[in-house]
Amino acid sequence: MRAATTGHVILLTDKAMKNDFEHELIHIRQQERYPFIFWIWYLWETFRKGYRMNRFEDEAYTISGSYYGKK
């Protein structure tokens, strides 16, 4: 894990890469867009499609230009 968001708090590890902060900002906007239900949808999407194909992750990776995996 390179970064995570909980509420409006972004946690970055020493493995964080370029654009990871922007990626997490998008998750904050998603939580604001879907209050109360975001984490249920997020977990459901991850369960059904896997982490990377989760629509919330796909949106965050696409908009931020962050990279999934190691580079």
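Where is the place of Phe36? Select Phe36 and look: the residue sits in the loop between α1 and α2. This is a predicted model, so treat the tour as a walk through computed geometry.

**Stop 1**

Now select Asn19. You are in the loop between β2 and α1. Asn19 is not a glycine either, yet its phi is positive, about 75°. Its relative accessibility is 21%, so Asn19 counts as partly exposed; the cut-off for buried is under 20%.

**Stop 2: helix α1**

Select residues 20-33, which make up α1.

Colour the buried residues next. They are Asp20, His23, Glu24, Ile26, His27, Ile28, Gln30 and Gln31. Show what they pack against: β1 (3-6), β2 (9-12), α2 and α3.

**Stop 3: Gln30**

Keep α1 on screen and pick Gln30, which lies in that helix. Gln30 is buried, with a relative accessible area of 0%. Follow its side chain to the backbone oxygen of Phe56, reached at 3.0 Å. Display the neighbours too. Leaving aside residues up to four places away in sequence, Gln30 touches Phe38, Phe56, Glu59 and Ala60.

**Stop 4: helix α3**

Select residues 55-64 for α3. Which residues of this helix are buried? They are Phe56, Glu57, Ala60, Tyr61 and Ser64. Look down the axis: these residues cover an arc of only 130°, which puts them on the same side of α3. The spacing fits a general rule. An α-helix has 3.6 residues a turn, so residues three or four places apart point the same way.

Turn to the face away from the buried side. There you find the exposed residues Thr62 and Ile63.

Check both ends of α3. At the N-terminal end, Asn54 is the cap: one of its side-chain oxygens lies 2.7 Å from the backbone nitrogen of Phe56. After the helix comes Gly65, with a positive phi near 75°.

**Stop 5: the rings**

Show the aromatic side chains. How many aromatic pairs are there? The count comes to 12.

Zoom in on Phe38 and Trp39. Their ring centres are 4.8 Å apart and their planes stand at 75°, so the pair is edge-to-face. Phe38 is buried, at 2% relative accessible area. Trp39 is partly exposed, at 41%.

Move to Tyr61 and Tyr68. Here the centres are 5.9 Å apart and the planes are at 80°, so this pair is edge-to-face. Tyr61 counts as buried at 7% relative accessibility, whereas Tyr68 is partly exposed with a relative accessible area of 45%.

Now select Tyr34, Phe38, Trp39, Trp41, Tyr42 and Phe56 together. Ring pairs link these residues into a cluster. Phe56 brings you back to α3, where it is one of the buried residues. Finish at Trp41. Arg55 lies over the face of its ring, at 4.8 Å from the ring centre.

Definitions and conventions
Residues are numbered from 1 along each chain as its sequence is written. This is a predicted model: local features need pLDDT of at least 70, side-chain atom pairs count only at pLDDT 80 or more; totals for chains, interfaces and linings use all residues. Side-chain values use heavy atoms; hydrogens and water are left out. Buried means under 20% relative accessible area, exposed over 50%, partly exposed in between (1.4 Å probe, protein chains only). Helices (H or I, at least four residues) and strands (E, at least two) are DSSP runs, numbered from the N terminus. The arc is that of the directions from the helix axis to the C-beta atoms. Contact means heavy atoms within 4.5 Å. A polar contact is a pair of N or O atoms within 3.5 Å; within protein, one must be able to donate a hydrogen and the other to accept it, and residues adjacent in sequence count only if both atoms are side-chain atoms. Rings of Phe, Tyr and Trp (its six-membered ring) pair if their centres lie within 6.5 Å; planes under 30 degrees apart count as stacked, over 60 as edge-to-face and the rest as tilted. A charge sits over a ring if NZ of Lys or CZ of Arg is within 6 Å of the ring centre and within 35 degrees of the ring normal.
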